[in-house]
Amino acid sequence: MEHFFSAFFLSMTPTSIAAIGLGALVGLIFGSIPGLTFTVALALALPISFSLDTVPAIGLLLGTYIGGMTGGSSSAILLGIPGTPSAAATVLDGYPMTKNGNASIALGTAVIVSVFGGIFSLVIMIVSVDLVSKVAIGFGPAELFALVLFGFSTICGLCGTSLIKGLIAGVLGLMIMTIGLDAIEGVPRMTFGSVNMLGGVNLLVAMIGLFAVPFIIEAFSEDPPGTNKIARMSNVRPELPSVRLLSRNIWLMIRSSIIGTGIGAIPGTGGAIASFLAYDNAKRFSKKPETFGKGNVEGVIAPETANNAVTGGTLIPLLSLGIPGDPATAIVLAGLMIHGLVPGPALFMNNASEVYGIYIVVVVAYVWVLGLQLLGIRVFVHVLRVPREILAVVVLVLCAIGAYSIRNSPFDIYAMGIIGVAAYVLVAVRVPITPIILGMVLGPTLENEFRTAMMLSEGKADIFYTSLTVLIFFTLAILVIIFQSLSELKNKKKENENESENIKVSDA
Amino acid sequence: MTDRIHNIILGLILFSVSVVWSWLVIDSIPAGFGDGDIGARAFPLMFGLCLGFLSTLLLLKAVFGKANVQTKLDVIANSHSVIQWLPAGLILVEIVAYGYLLKTCGFVIATPIVVLFVMLVNLRIRSIKLISGMSIGITLTCWLIFEKALGIYLANGSWINLG
């Protein structure tokens, strides 16, 4: 208790609160602009943290991380362009909600459930740090491959009207990510001798192209496909979701938080996998699965809760074992070490006050995020009042800045343009875009973990069926595919029945 | 164009992509050495073959599958799935030109030129106030926020550079 009070006083100084708030604000800005990741924001915040005391410094970094994770939803909901890969699943129902005139409800829901997910995962982290870190560290390449394969099985639920087209989209995503230097052997693949191609296609660049460029083309077209003039909405009202709506979905929020925390605790996974898995889970157990993709609020709640629950999950291996789950937490780890905090089991004994301080900082960061976002919603929804074509000009410039800033290379702008126009054509022929993103997110891990597992086992396939964890994930993947196929068949049967009824009516 | 023809064209294009992709993979990426090393070729080749298989399925379904009765909703959906080639091509040219201008002239010069061009050509806006306001406004705001406030590196030109 003594440590807790000392941590409380350290975290509640004006400097700490201001540092956390600054971090949250910068994170929100970087997270909401496609291409500007919170990893970049963290890299910029790290040198500033040198001059601060330990707790405010960690507060600045964690505030930036948490703000960035939450900020991605704003552009995903308002423009259909996810600010971060973690927000890609939010587009599926968040943007249709905006088209239906419920932008502020979607934004408000996203913020509130994000805070819920983040704090829930922190609580799980505090009570189960020892147990979860032991389980998570037991994940070898075979287990990670099985987990990613299970994540990939959710593609069946994202295929829209045609399973074949959805699978084609997924394979295209996987193919794109094999371009560039092979991560294991360093062999150039499909680079055609170009130095620029060695780095491959950056996931963020592709994401900007896939979501932003079709938006721009549609806005500039006289008769855009799928026209839904969401611009110049006169009835844009900054409303918040009702308590009833949130309490009705509390069980979904808890489920999604558990998924997010679990995925976050496994190094090398991340928010994008968690949000897609949570989305698929929400759709599977929803009373109205047919409304997903058309503006169902559950499709916003699940991915947003899960991707923020990842923040607590990633702290488990980070603090208990010193293993960062992703580049962003690697920067947080660097910040901890610079201030003399060496993560590992000894951290909880030697620096108990600072550890409690980190817990309090996370809560304060979420309070900041909640306040800033709820205030911001009043401003954000007015984006929809701007004429769509004028907004598209601004989006074009912001996307070019985002794509360029990733590697300071105009090659990424060209790649964004080519991928974007290809995506526009694919959308027009009804090939879904989301499986491409899923393929791109999961592809590199899928390949690298499989190859590493094969090398470790010297080519013996038993590595994939002797581990219980692997078998569990494989079984789950098979079950997901079977259930999805059955529900597809059921839907087809229903459609055929409706069609024959229509024919009878028209004949009569 | 009906959905069926779209799918046939899409299937043919994707099948060609898979053939070319698989051939390039076999031709340019070395295979593994065995004993657990499956090599850098295995996954790209497998993905290429998967694409070939799926595009064949799509083609077969489009050619031999049961033609759906077109409902009113399908007609509306088809009318929306017309590809606007001109705006799409124009945007591609503009994005490529923007990238090139960023490299050669830097952000401060490239951005107003591209915004001006987009407003004149794509949006056919003729109001000088709006065009100049947008061109200068977007450039200055982005430059101040990103370069000055957030410290993000915006492109410097190799030929000319301002800011």
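**Stop one: a helix pair in chain A**

Select helix H4 (residues 54-79) of chain A and helix H15 (residues 327-338) of chain A: their axes come within 10 Å and cross at roughly 175°. Axes here are lines fitted to C-alpha atoms, for helices over the stretch in contact, with angles from 0 to 180 degrees between N-to-C directions. That makes H4(A) roughly antiparallel to H15(A) (the term for angles over 145 degrees).

Now show the side chains. From H4(A), A:Ala57, A:Ile58, A:Leu61, A:Leu62 and A:Tyr65 make the contact, and H15(A) brings A:Ala328, A:Ile331, A:Val332, A:Gly335 and A:Leu336. In contact means C-beta atoms, placed from the backbone, within 7 Å.

This is a predicted model: local features need pLDDT of at least 70, side-chain atom pairs count only at pLDDT 80 or more, and totals for chains, interfaces and linings use all residues. Residues are numbered from 1 along each chain as its sequence is written, while chains are lettered from A and ligands numbered from 1 in the order written.

**Stop two: chain B**

**Stop three: where the chains meet**

Bring chain A back. Here 56 residues of chain B are in contact with 53 residues of chain A. Which helix gives the largest share of chain B's side? Pick H4(B), with eleven residues.

Definitions and conventions:
Contact = placed C-beta atoms within 7 Å. Helix = DSSP H or I, 4+ residues; strand = E, 2+ residues; numbered from the N terminus. Parallel < 35°, antiparallel > 145°, perpendicular 65-115°, else oblique.
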